[in-house]
Amino acid sequence: MQRLLVRWFLFIWTLFSTMDLTKILIPAPRYIKPKGAIINEIYKVGLPAIIMQALMSFMTYGVNIIFGAVSSAAVTAYGVYYKIQQFVFLLHLE
């Protein structure tokens with residue numbers, strides 16, 4: 001255990017001793033200014049994704065209420081299905 005800690009310490013020490021931290025920690029103010037075109041592109045992708053995720057959450061809530069009137073096993077089965085569906089969608093994006 002002690003050898004592992006020493007190795008990690010030496011790794012981190014080497015990593016930080018070879019880096020020029022002034023370029024990383026103190027950026028020039030001109031790099032901090034937001035650019036309208038970049039923000040516009042982010043919202044073009046992000047806003048529909050936010051709306052779609054919100055609609056999916058409301059739909060899941062509604063279906064859980066309906067299934068809750070039937071049985072708790074139905075709610076559990078739908079929850080498992082939903083998680084598997086989200087996992088498949090996540091794999092599809094890559």
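Reader: Is E41 buried, partly exposed or exposed?

Author: Please note that this is a predicted model. A residue counts as buried under 20% relative accessible area and as exposed over 50%. E41 has a relative accessible area of 45%, so E41 is partly exposed.

Reader: With which residue does E41 form a salt bridge?

Author: The general idea comes before the case. An α-helix has 3.6 residues a turn, so residues three or four places apart point the same way. Here, E41 and K44 both lie in helix α3, three residues apart, or about one turn of the helix. E41 forms a salt bridge with K44, and their closest N and O atoms are 3.6 Å apart. A search of the whole structure finds one salt bridge.

Reader: How many Å should helix α3 span?

Author: At 1.5 Å a residue, the 35 residues of helix α3 (residues 36-70) should span 51 Å. The end C-alpha atoms of helix α3 are 51 Å apart, which agrees. There is also a bend of about 25 degrees in α3, at Y43.

Reader: Which residues are in contact with T60, leaving aside its neighbours within four places in sequence?

Author: Y78 and Y82 are in contact with T60 on that basis. T60 lies in helix α3 and is buried, with a relative accessible area of 13%. In α3, M56 and V63 are buried as well.

Reader: Which residues make the nonpolar surface patch of about 680 Å²?

Author: The patch is made by V80, I84, F87, V88, F89, L90 and L91. Of these, F87 has its place in helix α4 (residues 72-93). F87 is partly exposed, with a relative accessible area of 48%.

How values were computed:
Residues numbered from 1 in each chain as written. Predicted model: local features only at pLDDT ≥ 70, side-chain atom pairs only at ≥ 80, totals over all residues. Heavy atoms only, no water. Helix = DSSP H or I, 4+ residues; strand = E, 2+ residues; numbered from the N terminus. Expected span 1.5 Å × (residues − 1). Bend = angle between axes of the 7 residues up to and from the residue. Buried < 20%, exposed > 50% of the residue type's maximum accessible area, 1.4 Å probe, protein only. Patch = residues over 30% accessible without salt bridge, like charges linked within 9 Å, V, L, I, M, F, W, Y side chains within 5 Å. Areas by Shrake-Rupley, 256 points an atom, 1.4 Å probe, with all protein chains shown as cover. Salt bridge = Lys/Arg side-chain N within 4 Å of Asp/Glu carboxyl O. Contact = heavy atoms within 4.5 Å.
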